[in-house]
Amino acid sequence: MNTPASSPLQALARIRPDVRAMHAYAVQPSAGMLKMDAMENPFRLPAHLQAALGQRLGGVALNRYPGDRLLDLKAALAQYAGMPEGYGIVLGNGSDELITLLALACARPGTGERATMLAPMPGFVMYPMSAQLQGLDFVGVPLTPDFELDEPAMLAAIAQHRPAVTYIAYPNNPTATLWDEGTVQRVIDAAGAQGGIVVMDEAYQPFASRTWIDRMRAEPARNAHVLLMRTLSKFGLAGVRLGYLIGPAALVGEIDKVRPPYNVSVLNCEAALFALEHADVFAGQAAEIRAERAKLVAALRQMPGVEKCWDSEANMILIRVADSAKTYDGMKTRRVLVKNVSTMHPLLTNCLRLTVGNADDNAQMLAALQASL
């Protein structure tokens, strides 16, 4: 019996057309480079803590699925964040997975109608990507030319589209903006009046001057439809891949239903618990990064060729130069990798995003930037 010949091209036809048209999330090769493109904490654990963590991880039961230790991690995160009474918490493999879970929980397959996700733009690329992959419509509302929240445009878009989920990144990526509290609350109120969920994405909270969880505690009824999302990546554990979502227990419980079982490994769980036990070390690192950020902003604003340097409430700084492609390539030639965000959105024309590192890294980055302008 002859077996019919098959080909990868035939199999590819089974992949969704919109997926085939997408570009995969690209991580730039960084071997031999000073990596200043991903907002990573530049500090490693002190040597004595490295040894202690290694010993701790060596005792983890790798032959067992994750179990009750995850309850300990939830309790530790709730205490660290100051979670209000009556709230629950969901863990994710980074905040990226939580964004996917939210889209999955709010999609409406087979109903004949599509749910909508809404967010200010430019913003985190995973918002529109998760909407597309899970079958939601995405509405991006442009920021003002100086990257402030456009309140009238946001309120009009919410009234028109009645989004199931509205994302407010607080601070925003890639602009590092922490928007006005009153403006944000009015947007939250408008989304709630339409029966929608609002997600306050606080990925960069260790570097910001305020957090929305204070408003959630102060005005629980007004923020009863608000979820707070954070990650330990900017806390200092980018390699651990752990995000968490806090909100009213009933709402969080529904989202937890679409979470894959055992989505957080025993190693990730134990590393996160260990880090939270030494939160003072990471708080000191964040304080040093904030101090270096102030020096970096001052230096950038004095540098000829840097047309604009925006204020920052994160561990990144957005600048505009005359030719972002030329400057990016020049810095890469000098072995410094930053992020050219100029093609992400029309408002970001000729913009580069720089990570705030330690003093030595920042000096090297500034020298490469100056030589590449």
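A disulfide here is a pair of cysteine sulfur atoms within 2.5 Å, and by that cut-off the structure holds zero of them. The model is a predicted one, so to speak for local features a pLDDT of at least 70 is needed, side-chain atom pairs count only at pLDDT 80 or more, and totals for chains, interfaces and linings use all residues. Residues are numbered from 1 along each chain as its sequence is written, and side-chain values rest on heavy atoms, with hydrogens and water left out.

Back to the cysteines. The closest cysteine sulfur to that of cysteine 309 sits in cysteine 351, 11 Å away, which is too far for a bond. Cysteine 309 is buried at 8% relative accessibility, where buried means under 20% relative accessible area, exposed means over 50%, and partly exposed lies in between (1.4 Å probe, protein chains only). Cysteine 269 is buried too, with a relative accessible area of 3%.

Serine 324 counts as buried at 3% relative accessibility. Leaving aside residues up to four places away in sequence, it touches Asn340, Ser342, Asn350, Cys351 and Leu352, a contact being heavy atoms within 4.5 Å.

As for the whole chain, it comes to 15 helices and 13 strands. Its radius of gyration is 22 Å, close to the 21 Å from the globule rule for 373 residues, so the chain is as compact as a globular protein of that length. The radius is taken over C-alpha atoms, and the rule is 2.2 Å times the number of residues to the power 0.38. Along the principal axes, the C-alpha atoms fill a box of roughly 70 × 55 × 50 Å. Of the 373 residues, 49% are buried. Among contacts with a separation of 6 or more, 73% link residues 24 or more positions apart.

Leu9, Leu12, Ile15, Val19 and Leu133 make up a nonpolar surface patch with about 410 Å² of accessible area together. Patch members have over 30% relative accessible area and no salt bridge, with nonpolar side chains (Val, Leu, Ile, Met, Phe, Trp, Tyr) joined within 5 Å and like charges within 9 Å. A salt bridge is a side-chain nitrogen of Lys or Arg within 4 Å of a carboxyl oxygen of Asp or Glu. Leucine 12 lies in helix H1, residues 8–12, and is partly exposed at 42%.

How values were computed. Accessible areas come from the Shrake-Rupley method with a 1.4 Å probe; for residues, only the protein chains shown count as cover. Helices (H or I, at least four residues) and strands (E, at least two) are DSSP runs, numbered from the N terminus.
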